[in-house]
Amino acid sequence: MSRIPYMPFYVNDYLSDTIYLTDDEDLAYMRLIMAYWQIGKALPAEPERLARICRFSNERWASVEQTLQQFFNVVDGKWQHKRIEAELEKAKDKLEKAITAGRASANKRKIDNSDDNSTQTQQAFNGRSTGVQHPLQQTFNHKGIGKGLGIGKGLGEELEKGLKKETDMSGEPDDPPQKNQNNFLIPAKRILDYLNLKSGKRFEHVKANLNLIIGRLREKHTETTLMAVIDLKCKAWLTNPKMYEYLRPKTIFSAENFNNYVGELGSAKPMTDDEKFAAMMSDPNFDIKNYVDPSVFGAQNDCFEGQVIYSDRIGGVA
């Protein structure tokens with residue numbers, strides 16, 4: 001699958017390069033480049049599989065194959081599109097830089113928090129050596145135990161010992177440790193981005209989504225476990241039109257569902273790109289329109305926006 005859920009699409013380039021195509025040729029070409037981006041790799045140079053991607057019969061595909069082949073280069077038994085390959089590489093580089101920057105920011109926060117804790121600890125120890133006495137300690141020192149409190153000497157000595165122990169500390173009760181939600185915010189965002197990446201969706205960094213993930217992280221589940229569950233559910237649901245809508249934080253990261261999914265992990269292995277493509281092609285109900293919703297058109301720049309792919313840049317012949 002493509003490592004980024006949107007496809008750049010230059011409308012002017014596309015129209016100028018496809019102006020002479022028939023309706024069937026234009027439809028087939030559009031479906032081919034969308035499938036190319038969706039799986040993130042060259043298409044198999046096999047007429048039956050290409051016809052299936054376009055949802056054409058073999059005879060109908062044969063009528064457009066020769067014309068469409070000029071947009072691709074056949075390399076190692078694959079239909080390769082030079083322009084899309086270049087855009088995929090750009091998208092991959094951009095995503096990897098964003099991930100690297102996110103990790104660097106997270107590490108910096110950890111270092112800053114560690115420095116803050118060290119400073120606070122040092123201030124606490126400095127405060128303990130100032131010689132400022134507890135009010136009751138002053139009473140013992142100035143008036144004597146029996147006279148100051150009007151109690152027996154034995155009990156007074158015990159109180160003095162206990163009070164000395166208290167004043168040897170900070171003089172203030174220690175606050176119970178609190179889990180800082182910000183400690184989980186950055187990994188939660190990374191996990192949500194990973195879900196978007198694997199599912200081809202665009203869930204936003206809002207509380208409703210992030211709090212579900214943070215809840216699972218508070219339960220001591222690791223990022224690796226959460227991402228493994230995402231892989232598991234994408235493998236099971238990505239090519240199933242009825243289940244595709246459930247690839248969402250509300251379903252995957254709810255407490256009850258998530259713990260059940262963790263139990264399903266077992267020895268499950270991540271699906272390879274070839275396995276994903278084979279699963280899509282072998283599914284009798286596979287229909288690319290289930291993964292692309294062409295009903296929403298952006299007003300700005302005449303862009304086409306879909307559920308998985310929105311146009312803004314790619315098109316044209318390599």
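Where does V206 sit? You will find V206 in the loop between α9 (182-199) and α10 (207-218). If you look for K189, you will see that it is 17 residues away from V206 along the chain, with 9.4 Å between the C-alpha atoms of the two.

Now let's move to some helices that pack against one another. Two packed helices are described by the angle between their axes and the distance between the axes. Take helix α2 (residues 23-39) and helix α3 (residues 47-54): their axes cross at roughly 100° and come within 8 Å. Angles of 65 to 115 degrees count as roughly perpendicular, and therefore α2 and α3 are described as roughly perpendicular to each other. On the α2 side, the contact is made by A28, R31, L32 and A35, while α3 contributes L50, I53 and C54. Sorted by class, this contact of α2 with α3 has 6 nonpolar residues, 1 charged residue and no polar ones.

Helix α3 also packs with helix α4 (residues 58-68), at an angle of about 100° and with the axes 9 Å apart. α3 and α4 are therefore roughly perpendicular to each other as well. Here α3 brings P47, E48, L50, A51 and C54 to the contact, and α4 brings N58, W61 and E65. The residues of this contact of α3 with α4 divide into 5 nonpolar, 1 polar and 2 charged.

Stepping back, the protein chain has 14 helices and 5 strands. It has 318 residues, and 34% of them count as buried. Its accessible surface comes to about 19000 Å², with 51% belonging to carbon and sulfur atoms. Among contacts in the chain with a separation of 6 or more, 71% come from residues 24 or more positions apart.

Finally, a word on confidence. The chain averages a pLDDT of 74, and 61% of the residues score at least 70. Over residues 134-140 the pLDDT is below 50, and this stretch has 17 contacts in the model beyond near neighbours in sequence. Residues 142-150 also stay under 50, with 15 contacts beyond four places in sequence. Where pLDDT is low, the predicted coordinates should not be read in detail.

Conventions:
Residues are numbered from 1 along each chain as its sequence is written. This is a predicted model: local features need pLDDT of at least 70, side-chain atom pairs count only at pLDDT 80 or more; totals for chains, interfaces and linings use all residues. Side-chain values use heavy atoms; hydrogens and water are left out. Axes are lines fitted to C-alpha atoms, for helices over the stretch in contact, and angles run from 0 to 180 degrees between N-to-C directions. Helices (H or I, at least four residues) and strands (E, at least two) are DSSP runs, numbered from the N terminus. Angles under 35 degrees count as roughly parallel, over 145 as roughly antiparallel, 65 to 115 as roughly perpendicular and the rest as oblique. Contact means heavy atoms within 4.5 Å. Ala, Val, Leu, Ile, Met, Phe, Trp, Tyr, Cys and Pro count as nonpolar, Asp, Glu, Lys and Arg as charged, and the others, Gly among them, as polar. pLDDT is the predictor's confidence in each residue, from 0 to 100. Buried means under 20% relative accessible area, exposed over 50%, partly exposed in between (1.4 Å probe, protein chains only). Accessible areas come from the Shrake-Rupley method with a 1.4 Å probe; for residues, only the protein chains shown count as cover.
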